[in-house]
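Subject: Handover of a structure

Dear colleague,

Please find below the structure that I am handing over to you. I would be grateful if you could read the notes that follow with the structure open beside them.

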Amino acid sequence: MADMRLEIVTAERVVYSEDVSVLVAPGDAGELGILPNHAPLLTTLAPGEMRVTKDGEETYMAVSGGFLEVIGNKVTILADTAEQADEIDEARAESALERARERVESASSDMDLERALASMRRSAARLGVARRRRRRSPRPDRPAG
Amino acid sequence: MAASVRQLRRRIRSVENTAKITNAMSMIAASKMRRAQEAALSSRPYSDRLHDLLADLAAQPKEDEDNVHPLLDSREIERVEMILITPDRGLTGGLNSNINRAAGQFVSPYGDSARVIAVGRKGRDFMIRYGQNVRAVFTDISDRPSITDVTPVARLAMDSYANREVDAVYIAYARFVNTTLQQATIDQLLPVQPAELRPQEQVGYIYEPDHMQVLSDLLPRYVEMQIFHALLEGIASEQSARMVAMRSATDNANAMVEDLTLVMNKARQESITTELLDIIGGAAAVGA
């Protein structure tokens, strides 16, 4: 099957730019799978895990929301943040999730709660991706940052 | 000779001190420049992709004329708003006056129906001096801004466009080309200018969750990001321009020191010669 171009860009850098065969991304309206030659599509993304298949090999990435556009066999993801599994510091992700959880419990207004929930979802997605990496291919710890 | 050796020596010392200051400034600018250039260049892909995406969207056939997002609703341009991004400080060579001149020429045909949002003191001062309607001023934005620094700017611009107070929003800034070249640039922010699409691409998008929802998320993000990116470009340009200007000021000062040293040595020699002649003359008179 022919591949499609996948580009994942954040405000800081180009995270990923490869020809891939399958993309599964967390759309706001539910998880969606994209295959080559998909019809033009524009959707918002929820915080969550992305799964990319390239040359039969799956990789996982964490995304914290953004937009996904498909046009002309080209997929562009404009992500708020996006990290590949081996870029995530698991300990940091875990403590961020813990902090977010505390904030959810102590939130005093709807807006605070909304924010805390969003940051909790983001941390959970990162942690999920980091853990998946550990199960699949253990790697030595990298220095943070 | 009129310029005495002592006066010249004092002058040389003062020029040397100036050179020290400009040299320090150029070094400070150089270190800030590196970071600022990196920030501007690395945020370019995101900002360009986002712009392409919006241009694609704007070029799609409109399904429902009544259901156009307020930020995509284009109309004849009579009143404009200009977001003018300039540095807070000078000593940047011709950079500030280039941006201000470009922005001034752009808004002047609109006369009173142009309004300005000034980000940075230099643009504010210029627009006030020329009697433009300056609606809002933002200064003292850090050298390493975060996107929240421009949120209020974006808010103002989007509100005035959505409320039909203006028919177009432009943004003027110094685009960073390379260390020695910065280009005064004016981009149209709103309404989004449609891309020229091939017919097979004008098929209409599938929107998830739905058209309005996606646009309401996307457009504010777009406006914010374009302003933020322009700000990063502006900072990279400012530091580059200052670095170059201060380096050439240092070179000029050093050249001046050399010239003055030469003049001083000549003057010194002359006065010694005169003294010698006096002594010889005196000795000859005594011996005679």
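This is a predicted model: local features need pLDDT of at least 70, side-chain atom pairs count only at pLDDT 80 or more; totals for chains, interfaces and linings use all residues.

Backbone features of chain B

Arg164(B) is placed in the loop between H4 and strand S4 (168–178) of chain B. Its phi is near 60 degrees, which is a positive value in a residue other than glycine.

A further case is Asp140(B), in the loop between S3 and helix H4 (151–162) of chain B. Asp140(B) is not a glycine, yet its phi is positive, near 55 degrees. Is Asp140(B) buried or exposed? It has 8 C-beta neighbours inside 10 Å, so Asp140(B) counts as exposed.

In the loop between strand S5 (181–190) and S6 of chain B lies Pro191(B). The peptide bond that joins Leu190(B) and Pro191(B) is cis, with omega about -10 degrees.

Buried residues of chain B

In helix H3 (residues 121–129) of chain B, the buried residues are Lys122(B), Gly123(B), Arg124(B), Phe126(B) and Met127(B). Among the elements that cover the buried residues of H3(B) are strand S1 (80–85), helix H2 (95–107), strand S2 (114–119) and strand S3 (133–138) of chain B.

Leu218(B) belongs to helix H5 (residues 211–287) of chain B. Because Leu218(B) has 22 C-beta neighbours inside 10 Å, it counts as buried.

Packing of two helices in chain B

How do helix H1 (residues 5–59) of chain B and H5(B) pack, and at what angle? The angle is about 160 degrees, and the axes are 5 Å apart. H1(B) is therefore roughly antiparallel to H5(B). The crossing of H1(B) past H5(B) is left-handed. The contact of H1(B) with H5(B) involves 30 nonpolar, 16 polar and eight charged residues.

Contact between the chains

Chain B has 19 residues in contact with 21 residues of chain A. On the side of chain B that touches chain A, two or more residues come from each of H1, strand S6 (206–208) and H5 of chain B. H1(B) provides the largest share of that side, eight residues. Sorted by class, the side of chain B that touches chain A holds 12 nonpolar, two polar and five charged residues.

Domains of chain A

Chain A is assigned domain 1 (4–85) and domain 2 (88–136). The C-alpha centres of domain 1 and domain 2 of chain A are 21 Å apart. Nine residues of domain 1 of chain A are in contact with 10 residues of domain 2 of chain A. Strand S5 (41–54) and strand S6 (57–71) of chain A each give at least two residues to the side of domain 1 that touches domain 2. S6(A) gives the most to that side, with four residues. By class, the side of domain 1 of chain A that touches domain 2 of chain A comprises five nonpolar, two polar and two charged residues.

Yours sincerely,
A colleague

How values were computed
Residues are numbered from 1 along each chain as its sequence is written. Chains are lettered from A and ligands numbered from 1 in the order in which they are written. A residue is buried if 20 or more other C-beta atoms lie within 10 Å of its own, exposed if 12 or fewer, and partly exposed in between; C-beta atoms are placed from the backbone. Axes are lines fitted to C-alpha atoms, for helices over the stretch in contact, and angles run from 0 to 180 degrees between N-to-C directions. Angles under 35 degrees count as roughly parallel, over 145 as roughly antiparallel, 65 to 115 as roughly perpendicular and the rest as oblique. A crossing is left-handed if the near helix is turned anticlockwise from the far one by less than a right angle, and right-handed if clockwise. Ala, Val, Leu, Ile, Met, Phe, Trp, Tyr, Cys and Pro count as nonpolar, Asp, Glu, Lys and Arg as charged, and the others, Gly among them, as polar. Domain bounds come from an automatic or database domain assignment. Two residues are in contact if their C-beta atoms, placed from the backbone, lie within 7 Å.
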